[in-house]
Amino acid sequence: QMRFVESGGGLVQSGGSLRLSCVASGTQFSISVMGWYRQVPGEERELVASVVQDGRTTYADSVKGRFTISRNNAERVVTLKMNSLITEDTGVYYCNRYPPLQRWGQGTQVTVSS
């Protein structure tokens, strides 16, 4: 069973950057599609970026051109580089497989101030 530990969130001004990291445990990382998800209070968790086993990526329209997802299969790490942050990017960010497993990590809070 895979588990996820996210880090790297924080408070940043609009226009700033953050780099999120996720360390995954379990033997299925290299064969899994991995994603970063965002949850805002009162809304459903949404997928913002995903990366398949060979490194190909997809992005939600709201983050396309600003966020970059990558993975390191040997270290079981997924990163999300976020540039040109806007207030709408505020939320708790989680990593998980895609489709997601039932168990989620604790997430990491990203707050973008105007």
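The largest nonpolar core of this predicted model has 26 residues. A nonpolar core is a set of buried Ala, Val, Leu, Ile, Met, Phe, Trp, Tyr and Cys residues joined through side-chain atoms within 4.5 Å. Buried means under 20% relative accessible area, exposed over 50%, and partly exposed in between (1.4 Å probe, protein chains only). Phe4, Trp36, Val78, Leu80, Met82 and Tyr93 have the most contacts inside this core. Two or more residues each come from E3, strand E4 (34–39), strand E5 (46–51), strand E7 (67–72), strand E8 (77–82), E9 and strand E10 (108–113). E3 gives the most, with four residues. Strands (E, at least two residues) and helices (H or I, at least four) are DSSP runs, numbered from the N terminus. In soluble globular proteins, nonpolar side chains tend to be buried together.

The structure holds one disulfide, a pair of cysteine sulfur atoms within 2.5 Å. Cysteine 22 is joined to cysteine 95, with an S to S distance of 1.7 Å. Cysteine 22 lies in strand E3 (residues 18–25) and cysteine 95 in strand E9 (residues 91–97), so the bond ties together parts that are 73 residues apart in sequence. Both cysteine 22 and cysteine 95 are buried.

Proline 41 sits in the loop between E4 and E5. Proline 41 is exposed, at a relative accessible area of 75%.

Residues are numbered from 1 along each chain as its sequence is written, and side-chain values use heavy atoms, with hydrogens and water left out. Local features need pLDDT of at least 70 and side-chain atom pairs count only at pLDDT 80 or more, while totals for chains, interfaces and linings use all residues.
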